[in-house]
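Please go through the model below with an eye to its charged side-chain contacts, its strand pairing and the exposure of selected residues. The briefing is arranged by topic, and each term is given its cut-offs where it comes up.

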Amino acid sequence: MGWLGLDDTDHLSGGCTTHALFELLQSIPSNYEVQSHRLVRLYPFASRRTRGNAAVAVEIIGEDYDELMTFLESWWASKLLPLKGLISESDMSDRQQYPSDPGMVWFNDKISADFYWECVSREVTISEAPEATRSWGGNGIIGATAAVSWPALDYTYEAICWRTKESVGMGKTRLVDLERLAEIDSKPETFMSRDLRSNSILISPRGNCPVLFGLRAKTFDSAKINSQYLAESSMTEAIDGMIVFQTNQATDDHLPEDSTAFVENITIKRRGTVAVLCKCGTLLMAFAESGDIKLLAQWLKPGDQIKYNGLQSYDKSIHLERLSIIKALPDKRRPRCQECDATLKSMGSDQPLRCPKCRQQYPAEWECVERKPPYIGWVQPPKDSMRHLAKPTSW
């Protein structure tokens with residue numbers, strides 16, 4: 001019958017677009033079938049991005065178009081439109097905050113994927129969005145349309161479980177069975193559940209939103225079965241419901257092809273952040289939180305050849321999401337005296353070398369010493385600093 005998209009119903013202190021969709025689907029007339037639940041992450045640098053930077057969409061099957069539109073009109077007016085204008089500041093985010101501006105779209109037919117590719121790679125304005133069969137609201141129309149137009153060429157899954165209204169209203173600490181989570185995290189089909197390096201639980205958000213956890217997996221069955229196993233534990237708090245979404249997470253959809261370059265120079269900044277200027281003029285940024293990427297970038301020297309990928313920021317620099325060494329230039333050092341084994345010293349420009357001990361002279365030359373990189377192959381940020389869209393290089 002058609003596709004419904006939804007976005008921008010949340011702000012930093014509350015709300016959740018996935019939960020808004022869940023509530024809508026709980027109330028949709030029973031003569032409609034809902035399938036193809038989608039959760040699509042968007043361009044990470046968008047100035048008006050929402051807290052989770054994700055939009056949702058579903059395909060709805062049914063016969064009575066007028067009845068469905070009447071339901072959606074009513075739901076929009078009573079449940080979604082009142083969410084417009086909510087805003088909250090946060091000490092955890094230094095970017096400008098914008099009021100929530102919900103958007104909902106309906107397309108009778110599937111649309112071109114071109115708009116999706118724009119929405120994951122750059123900032124898009126609402127005027128660029130393809131015209132929907134029906135649309136409601138404001139800025140959220142962008143993400144809602146992107147979720148509908150996603151071609152799902154590569155995909156993973158996320159099973160989201162929501163808290164009960166009582167738990168959200170009382171602001172209780174989230175309770176998830178950590179022993180079962182550790183068991184789930186050891187399975188090859190699941191990913192990005194924990195970061196043992198920082199002892200971080202990655203499936204549960206912070207803040208006062210209704211999501212209890214979102215379990216990511218490579219297959220639908222793994223996401224569903226493992227999330228049910230976690231939710232059914234007596235050590236996990238009661239849930240209000242669950243949906244398994246097909247997602248663009250861990251697909252690298254936001255990235256171009258890998259690039260190569262030669263290093264011109266590096267600058268180490270505050271907290272170890274590294275600015276790598278390439279000979280082609282491209283500026284690469286390895287931020288303090290990027291872990292091994294930062295450490296490898298600090299090791300670089302002018303002339304080294306590297307391979308990299310990352311997303312271009314608003315200032316045209318590339319924020320590195322993976323980095324590797326193709327060829328490292330050797331270090332140069334003065335040879336040692338054959339008699340004393342002391343390091344030879346230069347006697348001046350165009351002059352020979354001389355041993356500082358026995359004073360024996362040698363031709364002016366350098367020895368090349370191989371530099372061994374601290375990492376072989378690709379390096380990525382630690383799990384708790386990776387983007388939702390980034391694909392693990394081990395895949």
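Glu118, Arg122 and Glu128 are linked in a network of salt bridges, where a salt bridge is a side-chain nitrogen of Lys or Arg within 4 Å of a carboxyl oxygen of Asp or Glu. The model is a predicted one, in which local features need pLDDT of at least 70 and side-chain atom pairs count only at pLDDT 80 or more, while totals for chains, interfaces and linings use all residues. Residues are numbered from 1 along each chain as its sequence is written, and side-chain values use heavy atoms, with hydrogens and water left out.

**Salt bridges**

- A search of the whole structure finds 20 salt bridges.
- Arg122 is partly exposed at a relative accessible area of 32%, and Glu128 is partly exposed at 35%; here buried means under 20% relative accessible area, exposed means over 50%, and partly exposed lies in between (1.4 Å probe, protein chains only).
- The side chains of Asp185 and Arg194 also meet in a salt bridge, at 3.2 Å from N to O, and in this case Asp185 is buried, as is Arg194.
- Asp331 forms a salt bridge with Lys301, with the closest N and O atoms 2.8 Å apart.
- This pair links distant parts of the chain, 30 residues apart, since Asp331 is in strand β16 (residues 331–333) and Lys301 is in the loop between α8 (292–299) and β14 (305–312); helices (H or I, at least four residues) and strands (E, at least two) are DSSP runs, numbered from the N terminus.
- Asp331 is partly exposed, with a relative accessible area of 28%, and Lys301 is partly exposed, with a value of 36%.

**Negative surface patch**

- Glu63, Asp64, Asp66 and Glu67 form a negative surface patch; patches are made of residues with over 30% relative accessible area and no salt bridge, with like charges joined within 9 Å and nonpolar side chains (Val, Leu, Ile, Met, Phe, Trp, Tyr) joined within 5 Å.
- Glu67, one of the patch residues, lies in helix α2 (residues 65–80) and is partly exposed, with a relative accessible area of 31%.

- Strand β1 (residues 2–7) is mostly covered, since six of its six residues are buried.
- Gly2, Leu4 and Leu6 point one way from β1, while Trp3, Gly5 and Asp7 point the other way, and all are buried.
- β1 runs antiparallel to strand β3 (residues 54–61), to which five bridges join it, and Trp3 has Glu59 in β3 as its bridge partner; two strands pair if DSSP finds at least two bridges between them.
- β1 also pairs with strand β4 (residues 103–107) in the antiparallel sense over five bridges, with Leu6 standing opposite Met104 in β4.

- Strand β12 (residues 274–278) is mostly covered, with four of its five residues buried.
- Five bridges join β12 to strand β11 (residues 259–268) in an antiparallel arrangement, in which Ile268 stands opposite Val274 in β12.
- The hairpin of β11 and β12 has five residues between the strands, and Arg271 there takes a positive phi near 65°.
- β12 also pairs with strand β13 (residues 283–286), in the antiparallel sense over four bridges, and the bridge partner of Val276 in β13 is Leu284.
- β12 and β13 form a hairpin with four residues between them, where Gly281 in the turn has a positive phi of about 100°.

**The sheet of β17, β18 and β19**

- Three strands make an open sheet in the order β17-β18-β19, with antiparallel pairing.
- β17 (345–346) and β19 (361–362) stand at the edges with a single partner strand each, so one side of each is left without a neighbour in the sheet.
- Strand β18 (residues 353–354) pairs with β19 over two bridges in the antiparallel sense, and Arg354 stands opposite Gln361 in β19.

**Loop residues and C-alpha separations**

- Tyr98 has its place in the loop between α2 and β4 and is partly exposed, with a relative accessible area of 29%.
- The C-alpha atoms of Tyr98 and Ile184 are separated by 37 Å, the two residues being 86 residues apart along the chain.
- Asp341 lies in the loop between β16 and β17 and counts as partly exposed at 47% relative accessibility.
- The C-alpha atoms of Asp341 and Gly291, which are 50 residues apart along the chain, are separated by 40 Å.

Methods
Accessible areas come from the Shrake-Rupley method with a 1.4 Å probe; for residues, only the protein chains shown count as cover. Lys and Arg count as positive and Asp and Glu as negative; His and the chain ends are not counted. The place of a charge is taken as NZ of Lys, CZ of Arg, CG of Asp or CD of Glu.
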